[in-house]
Amino acid sequence: MAFSNGTLVHPAYFLLVGIPGVGPDVHFWLAFPLCFMYALATLGNLTIILIIRMERCLHQPMYLFLAMLSTIDLVLSSVTMPKMTILFLMGIQEIEFSVCLAQMFLIHALSAMESAVLLAMAFDRFVAICHPLQHASVLTGPTVAKIGLAALTRGFVFFFPLPFILKRLSYCRTHTVTHSFCLHQDIMKLSCTDTTVNVIYGLFIILSVMGVDSLFIGFSYILILRAVLELSSQGAALKAFNTCISHLCAVLVFYVPLIGLSVVHRLGGPTTLLHVVMANIYLLLPPVVNPIVYGAKTKEIRSRVIHMFSQGGR
């Protein structure tokens, strides 16, 4: 049922499709690996946050930024995965209009915050490798806190208008969202009124937030690579670049699906299975992969995880 607010028509709820072309039986069995992914993401990110919180020797910029990244991933997975599990397991497709807008805002705002933290981590690696003597004076505790606050504020400010510019639209077409969660592009497509403002603002924020961040991250790594190649010792060069491997993996896991999703959406046309798969990879993979990569590649975190399990087994 839809209700009219003046000249606007808003649905009481949207219907989430899940994965197009996949029947209820397949959705049911997909719920179990999804539950496993959610448990893995929750356990992995909570473990990293607690280790960094408890170990004072890890209160350094690189680990503080990692704690921010894990916190964002923890909230992001909690915003998306439980509802997806209910959809797949029980077939409950309905999501209230206001809840859908809230989920959409959180997904986009948290993604912007994650992008900002990845940029901050790239800056940390740049200073540590290219200007090691200034690292402690540049990235002080208060500076790291200000960067985290700036990431939070920017994500909120840039994406706060999205629910309101979606509320100004009328939805008199189908109320079916062809994803397992609510995204701005997909809700916008359901409108039967002019969406020019939504298209322009959506393109503006994706370019000014994720676009600018990715350019600065790329520029940072060009400078890092140049500094590493100038080192006289091959061993020192490999050791310096090895500190960037985990961050590079996190950047690729985040930005490659994001760019792919942006490209397929900008091509227009109806939402296809490719759109849905790219969106699922973009939102579900980083919270699961990031703690595994950082846990495996970061010696300090790996040793403390092993110590925790060895203590627990006694």
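Buried means under 20% relative accessible area, exposed means over 50%, and partly exposed is what falls in between (1.4 Å probe, protein chains only).

**Ground rules.** I am looking at a predicted model, where local features need pLDDT of at least 70 and side-chain atom pairs count only at pLDDT 80 or more, while totals for chains, interfaces and linings use all residues. Residues are numbered from 1 along each chain as its sequence is written, and side-chain values use heavy atoms, with hydrogens and water left out.

**Salt bridges.** I took a salt bridge as a side-chain nitrogen of Lys or Arg within 4 Å of a carboxyl oxygen of Asp or Glu. My search of the whole structure turned up 3 of them.

I started with Glu-55, which is partly exposed at a relative accessible area of 29%. Glu-55 pairs with Arg-304, and the closest N and O atoms are 3.5 Å apart. Glu-55 sits in the loop between H1 and H2 and Arg-304 in helix H12 (residues 299-312), so this pair links distant parts of the chain, 249 residues apart. Helices here are DSSP runs (H or I, at least four residues), numbered from the N terminus.

Next I checked Arg-154 and Asp-213, whose side chains meet at 2.6 Å, N to O. Arg-154 belongs to helix H5 (residues 141-159) and Asp-213 to helix H8 (residues 196-229), so the pair ties together parts 59 residues apart in sequence. Asp-213 is buried, with a relative accessible area of 2%.

Then came Asp-124 and Arg-125, which form a salt bridge at 2.9 Å, N to O. Both Asp-124 and Arg-125 are buried.

**Core.** I looked for nonpolar cores, meaning sets of buried Ala, Val, Leu, Ile, Met, Phe, Trp, Tyr and Cys residues joined through side-chain atoms within 4.5 Å. The largest has 85 residues, and Phe-14, Leu-118 and Ile-187 have the most contacts inside it. Helix H3 (residues 97-130) gives the largest share of this core, 19 residues. I followed Ile-187 for contacts (heavy atoms within 4.5 Å). Leaving aside neighbours within four places in sequence, Ile-187 touches residues including Phe-14, Met-104 and Tyr-171.

Trp-29 lies in helix H1 and is exposed, with a relative accessible area of 60%.

**Record check.** The unreviewed UniProt entry annotates "transmembrane region" over several spans, among them 101-123 and 199-224; such annotations may be inferred rather than shown by experiment. In the model, residues 101-123 are 100% helix, with end C-alpha atoms 33 Å apart. Residues 199-224 are also 100% helix, and their end C-alpha atoms lie 36 Å apart.

Technical notes
Helices (H or I, at least four residues) and strands (E, at least two) are DSSP runs, numbered from the N terminus.
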